[in-house]
Every structure is written in C-alpha cells, then in structure tokens.
Amino acid sequence: MSYIEILQSYNLTGLQWLAIACTVFLLGLSKSGIKGIGIIIVIILAFVFGEKASTGVLLPMLVFADVFAVIYYKKHVQWYYVKKLLPSMVVGVLVGVWVGNDISELVFKRIMAVIIIGSVLIMFYTERRQASNFPKNKLFSSSMGFLAGFSTMIGNLAGPISNIYFLATRLPKNEFIGTIAWLFFIVNVFKLPFHVFVWHTITVDTLALNSVLILPVIGGFFIGAYLVKLVSNLNYRRFILIVTAIGGIMMLFR
C-alpha cells in the first residue's frame, strides 16, 4: 500500500483533518510549557480514532515534541526529581500495559474517562489552593509516580498528576518545565515497544499519519515557547478545565 493510500485508508473528513491538525498544534504548545491542555488533546484524538487506538497515534508525536522540549530547556532540568519519580513511574507503566491489554475497548474508554474527570477535579483543587502544601515524603512521591506511570500508559494522561507533585517541589517555572520534559521523554520512549509489540497500536500506518502532522507540532512548540515568556495562564487554565471536564463526561457516556 502506498503512502497516499495509507492516509486515505483512515477515511478522515476535512473537518477531522482540521481537528487533528489543531490538536497536534496544541500538543506543541503543551510541550513548550503551556500546561493544562494535554487532556483536550487526548479527548479529541479519542473521538476521532477510538480510545485505545488514539494512544498509539499520539505517542510518537509526544516523543517528537519531547525532543524539542528537552533541547530547549536542557539547562533547567533537575535530575534529582527525575531519578526520584522514574522507578515508580516505570512500575505504573508496566501495570498499565497489563491492564490495558486485557480489557475491552468499552472498559478502556471508561477508565480513560474516570482518569480525565478525576484529573480535572484534582486540577481544580490545586488551582483553588494556589499554595502548594502537599506532602513531600517518599510515599507521596512513589504514589504520584505510580499513578502518573499508569495514567500515561492507559491514555497519555499523566500531566495533571505529575503537576501535583511538581507543585509541591515549588520549582521555578523553567525548572518545572525542563524537569517534566526530561521525565516524560524517558517514560514515553520506554512506552514505545509496548505499543508496538504488545498493544499493536503503533504501526506503519500510524507512523505515516504522524509524518504529515509534524509541522503543526513544531509550530505549536515555538509559538508556545514564546507565549510562556509573556502571558499568565490563570484564566486560560480555568477555561481549559471547564472544557476538559465536559469532554471527560462526554467520553464517559458516549
């Protein structure tokens, strides 16, 4: 099958192509440091491709965007926190591989919806608190790492959970972004073989689709990196939280 035939086999409408292009543009924004939009990316792709299949479509683009993030913020990574969270995240990923491989598409969708809605509630809570008075002991970091690893494997949904932990560290903005960038670059690369050989959600066909979506990711990243320097995200994040909550409820009941 030729490259064009592979793309045509998806039978995507013009509106769906536009939605996907906008989604990967948001992915670039998200990886540049504009937080709070990751769940919307997951929701849109899940509606277009299906819940489980969408995780394989998204992951290579996440890794691609991660490369830009770790290069751009390479001077700001705090390796102490990466090493602290990584072991429990790996365990969470492995549990997510096992759980996601043995359940139906309907149950997979329900789990994603519950994670999304739970994440939104957590994000609302952290937004209202503003001050980060969360525990910083080993149990807390291990629990957050496991939940982040499980969520990122099930639906690339670890952002809100990891944000809770890093809010507790009170890292400056650039260190916050750079440390998360390296952490998820490592974890996302670790996830790739499971999507290829266990779940079979990454194939030649999905990679062909990814290849035509590279430019919006790049554009989103550099525009986002510029905006991070200029704007406050408070009202923007509140809007995203509301839209995301609606999307999670729609996914739960559709």
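I began with helix 3 and helix 4, whose axes come within 8 Å and cross at roughly 120°. For my own record, axes are lines fitted to C-alpha atoms, for helices over the stretch in contact, and angles run from 0 to 180 degrees between N-to-C directions. Helices here are DSSP runs (H or I, at least four residues), numbered from the N terminus. Helix 3 and helix 4 are therefore oblique to each other; angles under 35 degrees count as roughly parallel, over 145 as roughly antiparallel, 65 to 115 as roughly perpendicular and the rest as oblique. I noted their crossing as right-handed, where the near helix is turned clockwise from the far one by less than a right angle, anticlockwise being left-handed.

I then listed the contact (heavy atoms within 4.5 Å): I41, V42, L45, A46 and F49 come from helix 3, and E51, A53, S54, V57 and L58 from helix 4. I sorted these residues into 8 nonpolar, 1 polar and 1 charged. In this sorting, Ala, Val, Leu, Ile, Met, Phe, Trp, Tyr, Cys and Pro are nonpolar, Asp, Glu, Lys and Arg are charged, and the others, Gly among them, are polar.

A note on the source: this is a predicted model, with residues numbered from 1 along each chain as its sequence is written. Local features need pLDDT of at least 70 and side-chain atom pairs count only at pLDDT 80 or more, while totals for chains, interfaces and linings use all residues, and side-chain values use heavy atoms, with hydrogens and water left out.

Next I turned to helix 2 against helix 3. Their axes are 9 Å apart at an angle of about 155°, which makes helix 2 roughly antiparallel to helix 3. This crossing is left-handed. I found Q16, A19, I20, T23, L26, L27 and S30 of helix 2 meeting G38, I40, I41, I44, L45, V48 and F49 of helix 3. By class I have 10 nonpolar, 4 polar and no charged residues there.

Leaving out residues up to four places away in sequence, V48 touches L12, Q16 and I20.

Which residues join helix 2 to helix 11? On the helix 2 side I wrote down A21, V24, F25, L27, G28, L29, K31 and S32, and on the helix 11 side P216, V217, G219, G220, F221, I223, G224, A225 and V228. That contact has 11 nonpolar, 5 polar and 1 charged residues. Helix 2 (residues 14-32) and helix 11 (residues 214-228) pack at about 40°, with axes 6 Å apart, so helix 2 is oblique to helix 11. The crossing is right-handed.

Last, I searched the whole structure for cavities and got 1 of 30 Å³ or more. On a 1 Å grid over the protein atoms alone, a cavity is a set of points where a 1.4 Å probe fits but cannot get out, and lining residues have an atom within 4 Å of a point. Points are joined across faces, edges and corners, and volume is the space filled by probe spheres set on them. The largest cavity holds about 430 Å³. Its lining has 27 residues, with S30, K31, G38, N156 and G159 nearest the centre. Helix 9 gives the most to this lining, with 5 residues. By class, I noted 15 nonpolar, 9 polar and 3 charged residues in the lining.

Methods. Helices (H or I, at least four residues) and strands (E, at least two) are DSSP runs, numbered from the N terminus. On a 1 Å grid over the protein atoms alone, a cavity is a set of points where a 1.4 Å probe fits but cannot get out, and a pocket is an open set with protein on both sides within 12 Å along at least five of seven lines; lining residues have an atom within 4 Å of a point.
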